[in-house]
Protein chains: 4
Amino acid sequence: MNFNLFSELSYEVYSPTTFVFNIQAARSASQKILKESLLITIPLSTEEFELDEVRFIKLHVDKPMFFTLTYNAEVEVDYKIIDESSLFQSIPLINFDKKIYPYLFPSRHCQSDKLEKLALKEFGKYSNEYSKVSAITDWIFNNIDYISGSTDAGTSAYDTVVQRQGVCKDFAHLGIALCRALNIPARYFTGYAYQLGTPDFHACFEAYLGNQWIIFDPTKMVPINGLVKIANGKDAAEVAVGNFFGNTICTYMNVQSTTSGNFIPYKSEGNVIQAISY
Amino acid sequence: MNFNLFSELSYEVYSPTTFVFNIQAARSASQKILKESLLITIPLSTEEFELDEVRFIKLHVDKPMFFTLTYNAEVEVDYKIIDESSLFQSIPLINFDKKIYPYLFPSRHCQSDKLEKLALKEFGKYSNEYSKVSAITDWIFNNIDYISGSTDAGTSAYDTVVQRQGVCKDFAHLGIALCRALNIPARYFTGYAYQLGTPDFHACFEAYLGNQWIIFDPTKMVPINGLVKIANGKDAAEVAVGNFFGNTICTYMNVQSTTSGNFIPYKSEGNVIQAISY
Amino acid sequence: MNFNLFSELSYEVYSPTTFVFNIQAARSASQKILKESLLITIPLSTEEFELDEVRFIKLHVDKPMFFTLTYNAEVEVDYKIIDESSLFQSIPLINFDKKIYPYLFPSRHCQSDKLEKLALKEFGKYSNEYSKVSAITDWIFNNIDYISGSTDAGTSAYDTVVQRQGVCKDFAHLGIALCRALNIPARYFTGYAYQLGTPDFHACFEAYLGNQWIIFDPTKMVPINGLVKIANGKDAAEVAVGNFFGNTICTYMNVQSTTSGNFIPYKSEGNVIQAISY
Amino acid sequence: MNFNLFSELSYEVYSPTTFVFNIQAARSASQKILKESLLITIPLSTEEFELDEVRFIKLHVDKPMFFTLTYNAEVEVDYKIIDESSLFQSIPLINFDKKIYPYLFPSRHCQSDKLEKLALKEFGKYSNEYSKVSAITDWIFNNIDYISGSTDAGTSAYDTVVQRQGVCKDFAHLGIALCRALNIPARYFTGYAYQLGTPDFHACFEAYLGNQWIIFDPTKMVPINGLVKIANGKDAAEVAVGNFFGNTICTYMNVQSTTSGNFIPYKSEGNVIQAISY
């Protein structure tokens, strides 16, 4: 399936500022970038770099100004549908690839170390990891209210458990924290979402099940096969859309994902519930 | 029923310190103090005062020393058994006695203002206030682990919701916070408990239902008719056993409640579940 | 000095809601209410009650509606100017009137129990309580940024110490918490402020020094002799302008304080720095 | 300089548990491992792996048992003394090597995003990054009390700013958070420390200044040239000494670092203050 991505970000810069952006579609086995462009309204040089498979763009603005960054891309996305039953078999932690272990540790917004008892009490009863993560996803959907503007960039899973409200990043952080609290590796997914409704980026999470990363979206706001990945990270602190170091404010953001293809929203059906991996 | 209370507290004082204690049995319509004594190992004058029905003892130590305070009392306690069905009728908030309103507000350890969504999601489904408070009590008992030493004096309901562990004061604080979040007045109860097992004071909470304060103990550790009240307060911050202002540490504590009577633990039976009010 | 107070609050009520307001000028030895009126745009009965010297108004709305509450008053305010040197003498805690002790305890937004080391390190060096409270007031003014909208109703002194931003209530809470952490009784002051600039209520705090409550305003936004007290409380949780129990939102607020008199802003001068008590 | 390292860790295992340890001396240009050994009291196979230059050991225990892990090593450590003045020149953020950027982001225990105002107010006045980090180090030393047992594994920089107490990891986390809040990359350092006094591992932090990582120890407990690095990470969550996934407790720990050489504690002298980089 091909998606046309568009994002536009405007900044009012008051003092010299270095920007590190994370808005480009990821390159991976299941994502092929057919074309892409990055435009900026003033003559500034941007530099792309890649770090642990995350694509960053850096940029320095040395005096007060206003600028707009526009990204356009056409991306071909494949995904695998995986039979749920193939995920029932637990992989012993000791056999994980070494790159997986850091996704068991707590991170800025995912204080899994404080959620162990809660996770065990709520989800310990499920017989396998896949069922646990599915139950976590449903629990978040049923118990947390999606309310725009109810949280800010500093909000963490610890708060969301108590306050029971948030936006997509908060849902993702709580999902990650609960998985890690059960010794299931989990990571943040930031991306573009088809049929999102609001002109914004989207976030959800992936859990490591059966030696692969399986995607879960506790907001249940968008078809899961309409996602285009920007990046994975331990949480939003590692893969924020835009980091800036200087006195600057973001004044405008527009994000769109469209397709000219015949999009059929993925639905798991009957008893054969299926998972998706990108 | 008569109970013999005993408490003994030792302090190592390093610098001039003022103490405000809250260890004496309350005087009330249902608690009659038959005799009581307060001993202190060194010649210091103590002064008793009462504030909002709470009995305090104050004491000033003007130089480094070690002392032990011992309280003995014999107290006759009555309690009312109230038919649950008489509590089903909700009293409109607007008709409360004015002294009740402050027990709807958040306090130091009971951040009810942050727990509104959680309380509504978990307990909003119950049809009356009595059922809600009963469900809160059961939920705490089932979802929070009683673990000695797992929390400290700074722990609040906000933390307990996440960390799912604590001691009697934490159970009480969470109960209070959840009630207030549902617009049910609730207050802290500190007292002596018969058959507690550990030589310590006990804490639980009261909810205002049907124009009276009904007692609930989410720890379910002791028979509820074996309690002797020391004081009520908005939470432990108002009625701490011992406040001291100065460089001092508490080095020893022993607390006992015994009876020579024939104690029959209260049990609600059959369909006629009953509540207790002191 | 006479002040004309005006406040107007509008609410959109979605479900039956009980309101408890706290907007009327306090009656006290130094505040005389010359006239006052309370208007409400729909025929609802309000009831006034007083609790611990705080004037509350309660009101029940039993079906969805929109209403506006308007308060007008003319109040004569006296204040005492107190020679700073008379405050240097410390009153031993043990000699306090019993009503003072609760103002030493931590409260919802003033976690003085967690700020003891900080308070001692920053302000322990000052030789008397008055100097300590003055230093606290100056420290808050110098170290916390007043930024409208930077905090919400759930913000506490614990947060403000870290995040270094807030509005008048946050400044007051931090002042109170730091005083209590140094064993100086402190309480919240909510009121009307002449020359405030924004159409809002104001908040500051009082510390108990030399057997009287002395007022301090760490925002330094208004002349301290232009304040008219609504109420004192342990913190904003006890004396919030408007509590409502039901599904309701406040849609509008306007607050004004004017005078036809010749207002001379109070300034402490020369070596004779002076304090104000109402 | 050669150091003999010794660490011994005992675990009581109650259920199948996977361990990931991080106790071996790092291999680097300035650290040469002359010999090392790892012993375990029962026949279990350990596997070493390296991830982002961190050496981990993993181990699975499949049934309840007690075991002790013992590490011995002899390590030759070199360090560079760097003239302070060479660090005065700021390197623009935009020119950093890409691997440096993640050390600007907040992490589990270092909520730099919440400390920006505090950092700017306290340390913004210093003219260069080196002076800022030195001032941060001194401020932590002067304002935080080192108190064993005063914090736990969940404590973060956010708490330490308020509570003003902690152990070496808390001092390090606060240093890191304050640096990042000022846009100075900073990372956690865990290691062995000569002359530490207590049989434990040590932690401090490194700041990225003049294109190199310079070491700072806000505890000032040990000579800075007596450190042997185990690992760097964003904070303790990434490089904890021992992670275990299962029902297990650590029952004993002993850590020692000795030298047979003539150890001369490093001191910066006169006006030529110097920094150390490993």
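Trainee: How many residues does the contact take from chain B and chain C?
Mentor: Keep in mind that this is a predicted model, where local features need pLDDT of at least 70, side-chain atom pairs count only at pLDDT 80 or more, and totals for chains, interfaces and linings use all residues. Residues are numbered from 1 along each chain as its sequence is written, chains are lettered from A and ligands numbered from 1 in the order written, and side-chain values use heavy atoms, without hydrogens and water. With contact meaning heavy atoms within 4.5 Å, chain B gives 33 residues and chain C gives 33 residues.

Trainee: What area do chain B and chain C bury between them?
Mentor: We take the accessible area (1.4 Å probe) that two parts lose on being put together, summed over both. Carbon and sulfur atoms carry 67% of it for chain B and chain C. The total comes to about 2,800 Å².

Trainee: Which residue of chain C meets B:E238 in a salt bridge?
Mentor: Chain B and chain C have 4 salt bridges between them (side-chain nitrogen of Lys or Arg within 4 Å of a carboxyl oxygen of Asp or Glu). In one of them, at 3.6 Å from N to O, B:E238 pairs with C:K234.

Trainee: Which elements of chain B each supply at least two residues of the side that touches chain C?
Mentor: That interface also has 10 residue pairs in polar contact, both at pLDDT 80 or more. On the chain B side, the elements are strands β2 (17–21), β4 (46–51), β5 (54–61) and β14 (242–245).

Trainee: What kind of axis relates chain A and chain D?
Mentor: Superpose chain A on chain D and you need a rotation of 180° with 0.0 Å of shift along the axis, at an RMSD of 0.0 Å. That relation is the one given by a two-fold axis.

Trainee: Which residue of chain A comes closest to the rotation axis?
Mentor: Its C-alpha sits 1.8 Å from the axis. Its side chain also meets D:D113 in a salt bridge, 2.9 Å from N to O. The residue is A:R108.

Trainee: How far apart are the nearest C-alpha atoms of chain A and chain C?
Mentor: Chain A and chain C do not touch. Their nearest C-alpha atoms are separated by 11 Å.

Note on methods: Least-squares fit on C-alpha atoms with pLDDT ≥ 70 in both. Polar contact = N/O pair within 3.5 Å; in protein donor to acceptor, adjacent residues only side chain to side chain. Helix = DSSP H or I, 4+ residues; strand = E, 2+ residues; numbered from the N terminus.
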